[in-house]
Amino acid sequence: VNGTLKVTSCSSEGTGGGLLVMQGAGVSVMHGAVLELEGNKAREGGGMYVAGSLSVLSGGLLHLADNTATVRGGGIFAAPSGVVSFKDAEGGGSGIVTLAFNIAPSGSGIFLSAAAKLVLGAAGLPVDSLHFLAAAAPCSNFPSPFSRLIAYNATTACEWECFSGYLKDTSLPHATCLSLGGPGAATARNSSQARAAGPYCGGGCSSRKVADGVCDVACLSAECAWDVRDCWGVNVTALEALAEGAHGVKVRRGATSRFAVAVLNGGDINGDLSIDPAESSASFNLTALHHALLSGGAGWLVTAGHLSDFSVSLLGAVDGVARFGG
């Protein structure tokens, strides 16, 4: 690709909705060139299926947005023989790659088959959601959401770092980037520190309840390591019971609360039961101003125990309402 190539709204019942790169073939996005794949759909590789090679050279732009895969690889699916490179052949220069609002049950941004290769340049690859990157044979220290992947090697170890504003908790079997926003940000702890802080790591959270396999709303603060991953995937009934116990307010079971729980599960990318500016942008396409108004200037949205207020405010923001009083 030497100029601009844009493929939109195409579909395939099999692989490669927007573009199919067969084994032995290759696509290179040269310096100054643009390759855009938007709104395409396939079973695997909604935007692109790569069985050959894909190279985005320094100064080249690859943009994949709003593509859908019903199985794997919303943006890109790399087959076992596939090589996906965002780095110059010589030197560490990086092409410009954007993957936004692509959808797939596994690997909404990129899915890597067992022997597929992913080569990154100096810019790395932002991993900004829970299912953005997936692999059939993942590296032992697979990158956490809200991290920048620096190097990927399935046979040894990956290299990655957390985004600014996130704490890398390496005390867990799988390191996790925890948000520094929210209550107790000045005393942010990882899971080991929170469990050792006893008898209470903060508020009404007993240190022994951190990472005990049970979601404790009282432990949802940076100083208690956001209860680690205990609150990921909480169902409606459990969340209502927790909210009532922790805040003394019963959340009504109805369309509003069910909607808010769905928003929570879909928008709370790193599972800390708060939504920060990056999550607002990635999940709901909200501007920084919308997020600031919703959060009252606090910088983060606490969803547990405030589901109805949160959902009304979010609907107002998404609909473009000027005031967010509810």
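Colleague: Let's start with Cys10: is it buried, partly exposed or exposed?

Modeller: Keep in mind that this is a predicted model. Cys10 comes out as partly exposed, because its relative accessibility is 32%, and the buried class stops under 20%. Cys10 is also among the residues that Asn40 touches, along with Val7, Thr8 and Ser9, leaving out residues up to four places away in sequence. Asn40 itself is in the loop between strand 4 (34-38) and strand 5 (41-44), and with a relative accessibility of 1% it counts as buried. The side chain of Asn40 has a polar atom 3.1 Å from the backbone oxygen of Val7, and one 3.2 Å from the backbone nitrogen of Ser9.

Now the disulfides: searching the whole structure turns up three. One of them pairs Cys139 with Cys158, with 2.0 Å between the sulfur atoms. This pair links distant parts of the chain, 19 residues apart: Cys139 is in the loop between strand 16 (133-135) and strand 17 (147-151), and Cys158 in the loop between strand 17 and strand 18 (159-162). The link of Cys139 and Cys158 is left-handed, at -110° about the S-S bond. Cys139 is buried at 4% relative accessibility, and Cys158 is buried too, at 5%.

Then there's Cys162 with Cys177, joined at an S to S distance of 2.1 Å. Since Cys162 belongs to strand 18 and Cys177 to strand 20 (residues 176-179), this pair ties together parts 15 residues apart in sequence. The torsion about the S-S bond of Cys162 and Cys177 is about -95°, so that disulfide is left-handed. Cys162 has 17% relative accessibility and counts as buried; for Cys177 the value is 1%, also buried.

That leaves Cys201 and Cys224, whose sulfur atoms are 2.0 Å apart in a disulfide. Here again distant parts of the chain are linked, 23 residues apart, with Cys201 in strand 21 (residues 200-202) and Cys224 in the loop between strand 22 (205-206) and helix 2 (236-247). The link of Cys201 and Cys224 is right-handed, with 110° about the S-S bond. As for burial, Cys201 is buried at 3% relative accessibility, and Cys224 is buried with a relative accessible area of 0%.

Conventions:
Residues numbered from 1 in each chain as written. Predicted model: local features only at pLDDT ≥ 70, side-chain atom pairs only at ≥ 80, totals over all residues. Heavy atoms only, no water. Helix = DSSP H or I, 4+ residues; strand = E, 2+ residues; numbered from the N terminus. Buried < 20%, exposed > 50% of the residue type's maximum accessible area, 1.4 Å probe, protein only. Polar contact = N/O pair within 3.5 Å; in protein donor to acceptor, adjacent residues only side chain to side chain. Contact = heavy atoms within 4.5 Å. Disulfide = S-S within 2.5 Å.
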